[in-house]
Amino acid sequence: MTENMHSASGAPLFFPAPAPTAAPQLSAPGWAEGYDPSQGPSDIRLDSGALQAMTAPEMEQQILELLMCLRRQSLQDIANGPAHADGTPEIDSMTAVWVVSTVGKAFDRPLVRLSSVRRESLRSVGGVATLIRQVIPAQLVIGAA
């Protein structure tokens with residue numbers, strides 16, 4: 001038995017069809033070659049070598065661009081959102097976990113055990129960038145063993 005999931009007009013009953021959005025313009029150095037941001041957040045590919053070499057401002061830019069892809073918003077919309085006490089955009093913990101997980105995929109392993117992370121580190125773009133920059137060198141040493 002199949003259910004009719006469309007109204008009489010043909011529109012979906014539960015969720016409106018997403019409006020086509022332009023692919024975000026990405027400038028951070030951490031994107032894998034050939035990555036197409038229009039494919040959506042589940043297909044994000046990052047370059048582990050570029051992530052390892054990033055400065056703090058570059059890592060924050062990379063995270064902002066990840067958020068652009070996830071939320072399908074402009075950089076300006078994300079940057080104009082609520083600011084955390086550290087001056088960077090505030091994010092919720094679930095989004096922070098997604099960012100850490102997405103960056104971890106570039107290294108083919110989880111970056112950190114989230115139960116051991118201070119909650120404050122997961123509340124802003126700056127906090128997540130600092131956390132990632134702290135754990136990447138440790139992951140590379142573990143991966144070399």
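Where is the place of Asp108? Asp108 sits in the loop between helix H4 (93–106) and helix H5 (125–144). The views below start there. The model is predicted; local features need pLDDT of at least 70, side-chain atom pairs count only at pLDDT 80 or more, and totals for chains, interfaces and linings use all residues. Residues are numbered from 1 along each chain as its sequence is written, and side-chain values use heavy atoms, with hydrogens and water left out.

View 1. Asp108 is exposed, with a relative accessible area of 71%. Buried means under 20% relative accessible area, exposed over 50%, and partly exposed in between (1.4 Å probe, protein chains only). Helices are DSSP runs of H or I with at least four residues, numbered from the N terminus.

**View 2. Arg72, a non-glycine residue with positive phi.** Its phi is about 55°. Arg72 lies in the loop between helix H2 (56–71) and helix H3 (75–79). Arg72 is partly exposed, at 49% relative accessible area.

**View 3. Packing of H2 against H4.** The two helices meet at an angle of about 110°, with axes 11 Å apart. H2 is therefore roughly perpendicular to H4; that class covers 65 to 115 degrees. Axes are lines fitted to C-alpha atoms over the stretch in contact, and angles run from 0 to 180 degrees between N-to-C directions. H2 contributes Ile63, Leu66, Leu67, Leu70 and Arg71 to the contact, and H4 contributes Thr95, Trp98, Val99, Thr102 and Val103. Contact means heavy atoms within 4.5 Å.

**View 4. The largest nonpolar core, with 31 residues.** Leu51, Ile63, Val103 and Ile132 have the most contacts inside this core. H2, H4 and H5 each supply at least two of its residues. Such a core is a set of buried Ala, Val, Leu, Ile, Met, Phe, Trp, Tyr and Cys residues joined through side-chain atoms within 4.5 Å. Val103 touches Leu46, Leu51, Leu66, Leu111 and Ile132, leaving aside residues up to four places away in sequence.

**View 5. The salt bridge between Arg123 and Glu120.** The structure holds 1 salt bridge, defined as a side-chain nitrogen of Lys or Arg within 4 Å of a carboxyl oxygen of Asp or Glu. The closest N and O atoms of Arg123 and Glu120 are 3.0 Å apart. Arg123 is partly exposed, with a relative accessible area of 39%. Glu120 is also partly exposed, at 34%.

How values were computed. Angles under 35 degrees count as roughly parallel, over 145 as roughly antiparallel, 65 to 115 as roughly perpendicular and the rest as oblique.
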